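Please open the model in your viewer and keep the selection panel at hand.

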Amino acid sequence: MNPIDQLRAARPAHLGDTPVDQSTRTAELSRAMAQPRPVPARRRTVRPVWGFGLAGAAAAVTAVAVAVSGTGGTAPRAPSAQVVSSQTAPAQEIRLSAQAVLLAAAHSAARQPDTAGAYWHTVSVSRNLFKAADADYTVVNRERNESWTPSATGGEQRSRTQPLGAEPASPEDETAWKQVGSPAGISVTVPGKRGAKLVLPTGQGAAQDGHASLVDGDKVFWLGRNVTMKDLRDLPSDPDKLKAWLLRSYDGHDTESDAPMASDAWLFAVTVGLFTDMPVTPEVRGAAFQMLAGLKTIKVVRDVTDAEGRTGTAVAIEGQAKLNATAKDDGGILQTRLVFDETTGQALARESVVVRPGGRVAGFAPGTVWSSESVLEAGWTDAEPTA
């Protein structure tokens, strides 16, 4: 019996089709998942990279070299969240609770309507935190990104990028910024680059338009390997088959370097890109949630407020906060998480949260959302690109 059938079988008959509240639904899901099921075999190790349009790959690599994380950034805030994990809760209860939430999201995602169009259109805002170089305060740098990816082969990907400016990350940081004269260009330190500095303007910049031919005439995204639009639309909707399809690209290390990373982390990173960037079918999104529910290293975080003020649920995994494979650091830990709407399974944001300061997140308190990318729009359109 597959997980969705388990959910249906576990639902009390007297409830019929009447909508139920979230707490009741979670209890039903936990009951379903309490039934015996096989434990997936452990895999080898590797390292993550977000999925992104191939036309933006060069810009993404440049951003990493300049010193931002591969995921974007957000202002520091103590996450208003409850981790579905506790030092006192039995491990089985923790696991079942996380699985229940993800399986509910799988069911919601798979029920969404499927459409198609001439272009896959996305709009996002990235936020990255920096420490001021000459004073004790933190700033957040913001950028808006828009892209159009054609459904037909032989076309061009188009993009529009607009700097939204840097600003103090909190009222306390604003006070410190004003004390040094409210500079219009804020000098900041570059994470992982000793002595390196970067000047971030506080004002909004002009939008820059770009376009590039599809790689090989038909490759549109990176999903462990370069994929076509047809590859994405034909992904398997069975969670085990989807996992196997993705792991065919896994060779024991990060695609950006030779640094090792656990296969769970690699799968998680690739899957986050699938949710935030790519036009997969609702059934595949549902299968992806089911696949994540089977990973032993993930956690679920409830009531997360993203940088746009939207509340959602997050699935998260932890890893080292190294800048690259050779960087020497003191072992900082980052939690990478996908924030989503449980009622639809749609992605809201991806975030990097400081768990233990060190490495490129040295000086940032635990709980700080160090970087983020908020998804504002993601859908098909027949309108021609404006870039």
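Helices (H or I, at least four residues) and strands (E, at least two) are DSSP runs, numbered from the N terminus, and the expected span of a helix is 1.5 Å times one less than its number of residues. This is a predicted model, in which local features need pLDDT of at least 70 and side-chain atom pairs count only at pLDDT 80 or more, while totals for chains, interfaces and linings use all residues. Residues are numbered from 1 along each chain as its sequence is written, and side-chain values use heavy atoms, with hydrogens and water left out.

Select residues 282-293 to begin: this is helix 9, whose twelve residues reach 17 Å from first C-alpha to last, close to the 16 Å expected. Eleven of the twelve are buried (under 20% relative accessible area, with exposed over 50% and partly exposed in between, for a 1.4 Å probe and protein chains only), among them Val-284, Phe-289 and Leu-292.

Next, select Leu-102, Leu-223, Leu-232 and Leu-235, which have the most contacts inside the largest nonpolar core, a set of 49 residues; such a core consists of buried Ala, Val, Leu, Ile, Met, Phe, Trp, Tyr and Cys residues joined through side-chain atoms within 4.5 Å. Among the elements that give two or more residues to this core are helix 4 (91-110), helix 9 and strand 11 (311-320), and helix 8 provides the largest share, eight residues.

Finally, move to Gln-157 in strand 4 (residues 156-168), which is buried, with a relative accessible area of 6%.
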